Amino acid sequence: MLTVDFSRFPLAPGDRVLDLGCGAGRHAFECYRRGAQVVALDQNGEEIREVAKWFAAMKEAGEAPAGATATAMEGDALALPFPDDSFDVVIISEVMEHIPDDKGVLAEMVRVLRPGGRIAVTVPRYGPEKVCWALSDAYHEVEGGHIRIYRADELLEKMREAGLRPYGTHHAHALHSPYWWLKCAFGVDKDGDKAPLPVRAYHKLLVWDIMKKPLATRVAERALNPIVGKSFVAYATKPHTPREDQA
């Protein structure tokens, strides 16, 4: 389930991509399939080991084209272990709402992104996220949980202050908002067989939708995304400096 829309965020074979705070690796895997040279970085060592296993399995299965590379590594988003201008593309999806120093993370992403490079930032959308916070303290008052709710204009302004030039936005995953509202209402710590029937039933619907991609739910989600899309997605470029433009 991708949050970044690659039709709005073009990726070319050979692009150097950093998936920052990659989690389980969904965007890193898609970039690898598209022929990129991918670095998936996260502070969670257990998840990074799983991502590395999936990269190896994808390579063995021939899912990535020739020339594509993939590396999974542990790292700190506030002190990235890369030189300036190392990447053509940076993706940070559903991460910044967890980090106290979000301006510091943006500064590091801009540092390692080459001039002319592209960045995609996704965060929980203000409205649906506000409902989750109202329904459940446990949803956000946990170690490593969400510490802020972004308004779209606030995030875009922080991106501009970091030196980025936003060029597009949209919302995603409208069908997931009701699921999280149900989770918050019935208890976010109740998973699997312990989850109440409404939560389990809606989860089955989401899994079915992800696997089958039926036209009806695709059309419904596109129609509902502007209203209750769970994620806000912003795309930006790092401008060239005047000296670079003259060169």
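Biologist: How do α6 and α7 lie relative to each other, roughly parallel or roughly antiparallel?
Modeller: This is a predicted model, so keep that in mind. In it, α6 and α7 pack at an angle of about 155°. Angles over 145 degrees count as roughly antiparallel, so that is what we call this pair.
Biologist: How far apart are their axes?
Modeller: The axes of α6 and α7 are 9 Å apart. For finding them, α6 covers residues 176-186 and α7 covers residues 197-212.
Biologist: And which hand is the crossing, left or right?
Modeller: Left-handed, as α6 passes α7.
Biologist: Which residues meet there?
Modeller: On the α6 side you have H176, P178, Y179, L182, K183 and F186. Across from them, α7 brings P198, V199, Y202, H203, L206 and I210. By class, that contact has nine nonpolar residues, two polar ones and one charged one.
Biologist: Okay, staying in α7, I clicked on D209. Is D209 buried or exposed?
Modeller: D209 is buried, because its relative accessibility is 5% and the cut-off for buried is under 20%.
Biologist: What does the D209 side chain pair up with?
Modeller: The side chain of T217, through a polar contact of 2.4 Å.
Biologist: What else does D209 touch?
Modeller: Leaving out residues up to four places away in sequence, D209 touches L175, P214 and R218, as well as T217.
Biologist: New topic: how do α3 and α5 sit against each other?
Modeller: They're oblique to each other. Helix α3 (residues 102-112) and helix α5 (residues 152-161) pack at an angle of about 50°, and their axes are 9 Å apart. This crossing is right-handed.
Biologist: Which residues make that contact?
Modeller: D102, K103 and L106 from α3 meet K158, M159 and E161 from α5. Sorted by class, four are charged, two are nonpolar and none is polar.
Biologist: How many residues of α3 are buried?
Modeller: Eight of its eleven, so α3 is largely enclosed by the rest of the structure. The buried ones are D102, G104, V105, L106, E108, M109, V110 and V112.
Biologist: What covers them?
Modeller: The cover for the buried residues of α3 includes α5, plus the strands β1 (16-20), β4 (87-93) and β5 (113-124).

How values were computed. Residues numbered from 1 in each chain as written. Predicted model: local features only at pLDDT ≥ 70, side-chain atom pairs only at ≥ 80, totals over all residues. Heavy atoms only, no water. Axes fitted to C-alpha atoms, helices over the stretch in contact; angles between N-to-C directions. Helix = DSSP H or I, 4+ residues; strand = E, 2+ residues; numbered from the N terminus. Parallel < 35°, antiparallel > 145°, perpendicular 65-115°, else oblique. Left-handed = near helix turned anticlockwise from the far one by under 90°. Contact = heavy atoms within 4.5 Å. Nonpolar A, V, L, I, M, F, W, Y, C, P; charged D, E, K, R; others polar. Buried < 20%, exposed > 50% of the residue type's maximum accessible area, 1.4 Å probe, protein only. Polar contact = N/O pair within 3.5 Å; in protein donor to acceptor, adjacent residues only side chain to side chain.
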